[in-house]
Amino acid sequence: METLGQKIRALRKARGMTQSELARGLATASMISQIESDRTMPSAPLLAQLAARLGVDAAEFQRELAGSSEEAHTYRRAKHLAEQGHYEEAIHQFLSLSWPLHSQFRPELVFQDMGDCYLKAGNYEQAARLYDGLVWAGFARGDISSVIRGYYYGALARRRLQRDHEAILYLERARQALATSGLQMPLRLKIEMTLARLYLQYGPMEQAKTLYEHILARGEEPMSAVDRAHAHHGLACSAAAIGDYETAIEEAQRAIQLHEEAGNRALAMRCRINLSAFLRLSGKADDALSHLVHLDERINSRDEVLRVALDHELALTYRALDQPRPAMERVSQALAMTRVGPEIRAQLSLLAAELALELGDLDRAESELRSLDHLVQADPSALPPGYLQLKAQVYMRKANTSDIVQLCDQAVNRAAERIPEGSWASPERFWIFPRQ
């Protein structure tokens, strides 16, 4: 059925009028555009004036207006509540609309508005469903921009649900739809930056590097200094992951410079810590240590995230320089911090156990492995590579036969179950900071 907006557009075009000509003295051209695309409803007086200018009886539009005025009022009330931050109340108003929707409403716009409310209200499952509805409504109307938005915001909802691999799939679909459509959407940068960050976290690293290079190579697209710095940092990390340490060092330095120029000292510090890792991995451990000692004097002791990252990297650098005792001191400091997630704590505990074994402190090594056991029981995804091998070394050194037999059983069971290793980057490569 033809909507009110479609009927007005058809009449205007039949009379050879532009939106500006129809609007002159009555409304703005933007308002006419919104009415014709069914994004807003005209008031009864404005509708009568438009009918007169189009040369038709106002009664021509009355059926559509009468059938939709209350629905339009409900929709406007829901939009107003959402703009005021009252998302639960807005959702209640949206749900009170008659379904199937009146012909004046474009389903994809309603799905977008409802999905946004659910996302901001923290109901990510419902948000994901509404954004899926946006995708399919967009396909049904041939509105590819709605399809792209649905995929992108659906990916954001899935990230909140910690379903990052689904989010990657949705972002890839959004990028593909954007490329084939030929549309120029500001959303493209957000899609590609988010996808590149997920590639960086989960791999493949080659695709992360290629995507960051693609983002930085586009000169025609406006990009904030912060986004550009993030792209250079992502390129540095992905280059380091595939062993291109010289590129990693150069790109990290560019990221640091951009963050400093923008006054983002905390973000610049994160890049500086990663720069130290790239120096260490490129065989310049002495330079890395000098760099880290300088940073040690500048980090706010109350910033636990940066403090843990710095101590972790210092421990790895001291170890690369065959100095296990200061390495153990630094990893112990990092483990004493409270704001350490399970994955990072697992990496730190494994490093502490390895250092304890090097120092001949078998009791400390066993203690750290027990801590790892508790972490892995609570969160199997936190299991760091090399965990069972290190356990075997400690038990062999302690000549504990029963523990060795039990460990062999665990290794066989793990092989049979094919439990995947953690998806995070190994600290032997570089530090990836948690997403914000």
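1. Aromatic pairs. In this predicted model, a search of the whole structure finds five aromatic pairs. One of them joins tryptophan 136 and phenylalanine 139, whose ring centres are 5.6 Å apart. Their planes meet at 40°, so the pair counts as tilted, since the tilted class runs between stacked, under 30 degrees, and edge-to-face, over 60.

2. Setting of that pair. Tryptophan 136 and phenylalanine 139 both belong to helix α8 and are three residues apart, about one turn of the helix. Tryptophan 136 is exposed, at 60% relative accessible area, while phenylalanine 139 is partly exposed, at 41%.

3. The tyrosines. Tyrosine 152 and tyrosine 153 make an edge-to-face pair, with 5.0 Å from centre to centre and 70° between the planes. Tyrosine 152 is buried, with a relative accessible area of 6%.

4. Helix α8. This helix covers residues 124-141, 18 residues in total, and spans 26 Å from its first C-alpha to its last, close to the expected 26 Å. Its buried residues include Leu130, Tyr131, Leu134 and Val135. Among the elements covering the buried residues of α8 are α7 (107-121) and α9 (144-160). Glycine 142 follows the helix and has a positive phi, near 70°.

5. Arginines over a ring. Tyrosine 170 has arginine 158 over its face, at 4.0 Å from the ring centre. Arginine 173 also lies over the face of tyrosine 170, at 5.7 Å from the ring centre.

6. Histidine 259. This residue sits in helix α14 (residues 245-261) and is buried, with 1% relative accessible area. Its contacts beyond four places in sequence include Val226, His230, Asn264 and Cys271.

How values were computed:
Residues numbered from 1 in each chain as written. Predicted model: local features only at pLDDT ≥ 70, side-chain atom pairs only at ≥ 80, totals over all residues. Heavy atoms only, no water. Helix = DSSP H or I, 4+ residues; strand = E, 2+ residues; numbered from the N terminus. Expected span 1.5 Å × (residues − 1). Buried < 20%, exposed > 50% of the residue type's maximum accessible area, 1.4 Å probe, protein only. Contact = heavy atoms within 4.5 Å. Phe/Tyr/Trp six-rings, centres within 6.5 Å; stacked < 30°, edge-to-face > 60°. Lys NZ or Arg CZ within 6 Å of the ring centre and 35° of its normal.
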